[in-house]
Amino acid sequence: MGIREGFRRLHDGGVFIMPNAWDVGSALLLEQLGFPALATTSSGHAGSLGRRDQQVARDELLGHVEAVTSAVAVPVNVDSETCFPHEAGGISRTVELMAQAGAAGCSIEDYEPGIGVLPADVATDRVEEAAAAAAQHGLVLTARAENHLYGIDDLDDTVERLISYRDAGAEVLYAPGLTSLGDIERVVKAVDRPVNVLAMAGVPVVSELAAAGVRRVSTGGSLAWVSYGALVSAARELLATGTTSYLAEALPPAERDAAFTSADARDVGAGPDPVSRRGASRP
């Protein structure tokens, strides 16, 4: 079974957790812990470049995706924001390039900086274009309704959007920002497709989400920002007191080496061209 088909089958039943890595090191550590799939995070990746979310160019994202998919053996789902509709070739070309970079899936959202949440018909047309390209290349497409991340707490509109995106060809539906179990259950029943839920403050525990029929749980940029928070806290201690009690929370070398040695082994003798190790060679 190819890695993309394996990723699709993860959505067939039960629930799985798909944490979002922000660089190769975090991806390797998460893979070592045993997660069956990983995702990228637009905000975490932007943070690794010293930028705010939604300030990364398509070529930069593609390089990031190829680096991550080349390093790990599990499927990787790409947080591809709007799928860069204004870049050369538009959404279809972006999905094709994600496939070439080794992605097993990608997402498209209905929010655009400078515009806000898009009209439903415009967003649905974009999902339809992305879904056609994803089907051509074997990627699992996730369509996102962004209302609840941007202060639009209109569940009726969210459900209508997700149904429209489903009908346009999206295989997974996602409304990040929902925290009420009742709201999540309503979405699951309404769309009758695999639903992704964002793990955030106030979200029910995974066992409750599973009982509600949720298929996938992701973390967005939260793991990256927890890590950056630990960095700032440790550095403040060192700056203020000169002490190093923060070292008690450091990753044990054995865990680090267990994750990173496997990557070293894959790199040995690979030569300058990583194509043979890319996710794109494992469709």
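User: Which helix gives the most residues to the lining of the largest pocket?

Analyst: Please note that this is a predicted model. As a general idea, rolling a probe the size of a water molecule over the atoms shows where empty space is left. In this structure, α10 gives the most to that lining, with 10 residues. The largest pocket has a volume of about 890 Å³. Among its 27 lining residues, Leu29, Ser227, Ala230, Glu249 and Leu251 are the closest to its centre.

User: How many residues of each class form the lining of the largest pocket?

Analyst: The lining has 17 nonpolar, 5 polar and 5 charged residues.

User: Which residues lie nearest the centre of the second largest pocket?

Analyst: They are Asp79, Arg144, Leu149, Tyr174 and Gly220, from a lining of 30 residues. This pocket has a volume of about 390 Å³, and its lining divides into 10 nonpolar, 14 polar and 6 charged residues.

User: Is Gly220 buried or exposed?

Analyst: A residue is called buried when its relative accessible area is under 20%. Gly220 is at 16% relative accessibility and therefore counts as buried. Gly220 lies in the loop between β11 and α10. Beyond its neighbours within four places in sequence, Gly220 is in contact with Asn20, Thr41 and Leu198. The C-alpha atoms of Gly220 and Thr40 are separated by 8.0 Å, although these residues are 180 apart along the chain.

User: Which residues touch the most other members of the largest nonpolar core?

Analyst: Val95 and Leu141 do, in a core of 47 residues. The largest share of this core, 6 residues, comes from α6.

Notes:
Residues numbered from 1 in each chain as written. Predicted model: local features only at pLDDT ≥ 70, side-chain atom pairs only at ≥ 80, totals over all residues. Heavy atoms only, no water. Helix = DSSP H or I, 4+ residues; strand = E, 2+ residues; numbered from the N terminus. Buried < 20%, exposed > 50% of the residue type's maximum accessible area, 1.4 Å probe, protein only. Contact = heavy atoms within 4.5 Å. Core = buried A, V, L, I, M, F, W, Y, C linked by side-chain atoms within 4.5 Å. 1 Å grid on protein atoms, 1.4 Å probe; cavity = no way out; pocket = protein on both sides within 12 Å on 5 of 7 lines; lining within 4 Å. Points joined across faces, edges and corners; volume = space filled by probe spheres on them. Nonpolar A, V, L, I, M, F, W, Y, C, P; charged D, E, K, R; others polar.
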